[in-house]
Amino acid sequence: MFTSDSQSQKKPVTITLTGAGGQIGYATMFRIAAGEMLGADTPVRLRLLEIPPRGVKAAEGAAMELEDCAFELLESVDIFDDPQQAFEGANIGMLIGAHPRTAGMERADLLEANGAIFSQQGAAISKSAADDIKVVVVGNPANTNALIAASHAPDVPSERFTALTRLDHHRALAQLAAATNTRVSDIKKLAIWGNHSASQYPDVFNARIAGRAARGVLREHGKDEQWISGVFIPKVAKRGAEIIEVRGGSSVASAAHGAISHMRSWILGSGGEPVSMGVLSAGQYGVTEGIISSFPVICDNGCYEIDNSYEIDEFSQKYIDKTVQELLDEKEAVKTLGLLGESL
Ligand code: NAD
Ligand code: LMR
């Protein structure tokens, strides 16, 4: 149906996107089809997963609009309500479908409501996805949902299940640039540590702005450690709640942009610069093994590696310990709910 005259040389990539009838799904799929995630030389096949009847109907409507865009790179769009069919042959899983929080909730309040979705989808990915499957979990609480999915996927290396913290990374970049009157592109070595929650630690202590230590540049702009702990960190960590309050609903286009950037970096590389991703800890930086925590990672050639060049002082350690403890508590909670599988 969506035939193409494109002279692409690369093999088509199959992407399963869940929650395709929802807001973030809608904001993501057109950009993928336009080549913004995998590049203008890579055709894509979209497999959309939703729940009937309304979700599926909304996905059908979105598929009609995709058709009307006549994207050259879009080879096919198929819609499913069965996870195993939806993940058949998938090279990429964008796990967006889940309930969003509303005003007054913390993301962890969604654990029970959303956890079951991810155990089912982890198992489906294990059974039917392609051998090179890469997964980003967007649905909240993203880190622990990614852990749940990984724990139900015995045939997929757990490192392939990641959680979205790139949105937090972008938020931190934007706030730091605004505070120092610099460009986002001047800022390097920023990092988000821990959970995609209010406990996350956006770390400026390792950051460089136009080649100089960010702390020195901040000081020149009248921003000391008190500004970092009292203004910057809470601003970034609570930005999701602020968006909900102001917009009347949780972030959409910025979340879609984060998810696209996450996958783009993972697959096409991060150009030697660290970006933040929620990945399985093997104990790096003292983060307890067996949780999905945000780290600075460098991506190259379809792989990511945790950047081991960050210095962690007492100030940073205190924050990291707190957010890691929250991830451990979430893990314990899902274990108690019977949502954690055995393959971790
Ligand atoms: P939405 O309510 O607009 O859409 C969610 C969609 O998921 C709905 O269409 C629903 O039918 C579908 N869905 C529910 N269960 C499903 C299942 N089992 N399989 C397939 N689809 C299913 O919500 P949204 O605004 O698109 O947000 C989606 C999720 O992303 C929420 O959990 C939200 O909190 C989270 N989020 C995460 C980040 C992040 O940075 N990690 C940022 C923003 C939002
Ligand atoms: C965000 O950070 O905007 C999302 O995780 C939505 C939320 O619930 O905060």
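Here are some questions and answers about how features of this predicted model get their labels.

Q: Why is Val 13 called buried?
A: Buried means under 20% relative accessible area. Val 13 has a relative accessible area of 16%, so it counts as buried. You'll find Val 13 in strand β1, residues 13-18.

Q: What makes β1 a mostly covered strand?
A: Count its residues: six of six are buried. Val 13, Ile 15 and Leu 17 point one way, Thr 14, Thr 16 and Thr 18 point the other way, and all are buried.

Q: How do you know that β1 and β2 pair?
A: Two strands pair if there are at least two bridges between them. Six bridges join β1 to β2, so the pair qualifies. The two strands run parallel, and Ile 15 sits opposite Leu 46 in β2. To get from β1 to β2 the chain passes through α1, and this β-α-β crossover is right-handed.

Q: Which other strand is joined to β1 by four bridges, and what makes that a pair?
A: That would be β4, residues 92-95, which runs parallel to β1. With at least two bridges needed, four are enough, so β1 and β4 pair. Here Leu 17 has Met 94 as its bridge partner.

Q: How do you know that β2 pairs with β3?
A: Again, the bridges tell you: six of them join β2 (residues 44-49) to β3 (residues 74-80), and the strands run parallel. One facing couple is Leu 49 and Phe 80.

Q: Why do β7 and β11 count as edge strands?
A: They belong to an open sheet of three strands, in the order β7-β10-β11, with antiparallel pairing. β7 (187-188) and β11 (212-213) each have a single partner strand, so one side of each is left without a neighbour in the sheet. For β11, the pairing with β10 (residues 208-209) runs over two bridges, with Arg 208 opposite Ala 213.

Q: What makes Ala 210 stand out?
A: Most residues other than glycine have a negative phi. Ala 210 has a positive phi of about 45 degrees, although it is not a glycine. This residue is in the loop between β10 and β11.

Q: Is Ala 210 buried or exposed, and how do you know?
A: Exposed means over 50% relative accessible area. Ala 210 comes out at 56%, so it is exposed.

Q: Where else does a residue other than glycine have a positive phi?
A: Look at Asn 301, where phi is near 55 degrees. Asn 301 belongs to the hairpin of β13 and β14, which has two residues between the strands. Its relative accessible area is 70%, over the 50% cut-off, so Asn 301 is exposed.

Q: What joins β13 to β14?
A: Four bridges do, and the strands run antiparallel. Asp 300 stands opposite Cys 303 in β14.

Q: What makes the side chains of β14 alternate?
A: Follow the strand, residues 303-306.

Q: Which peptide bonds are called cis, and what are their omega values?
A: Most peptide bonds are trans. The one joining Pro 52 and Pro 53 is cis, with omega about -5 degrees, and Pro 53 lies in the loop between β2 and α2. Another cis bond runs from Asn 140 to Pro 141, with omega near -10 degrees. Pro 141 is in the loop between β5 (134-137) and α5 (142-151).

Q: How do you know where the largest pocket lies relative to domain 1 and domain 2?
A: Domain 1 (13-163) and domain 2 (166-330) both give residues to its lining, so the largest pocket lies between them. Its volume is about 970 Å³. The lining has 43 residues, with Ile 96, Gly 97, Ala 98, His 99 and Pro 100 nearest the centre. By class, there are 18 nonpolar, 20 polar and five charged residues.

Q: Why is the second largest pocket also placed between the domains?
A: Both domains give residues to its lining too, so the second largest pocket lies between them. Its volume is about 280 Å³. Of its 13 lining residues, the closest to the centre are Val 13, Asn 91, Ile 92, Asp 132 and Ile 267.

Terms used:
Residues numbered from 1 in each chain as written. Chains lettered and ligands numbered in written order. Predicted model: local features only at pLDDT ≥ 70, side-chain atom pairs only at ≥ 80, totals over all residues. Heavy atoms only, no water. 1 Å grid on protein atoms, 1.4 Å probe; cavity = no way out; pocket = protein on both sides within 12 Å on 5 of 7 lines; lining within 4 Å. Points joined across faces, edges and corners; volume = space filled by probe spheres on them. Nonpolar A, V, L, I, M, F, W, Y, C, P; charged D, E, K, R; others polar. Domains from an automatic or database assignment. Buried < 20%, exposed > 50% of the residue type's maximum accessible area, 1.4 Å probe, protein only. Right-handed = clockwise from strand over helix to strand, strands pointing away.
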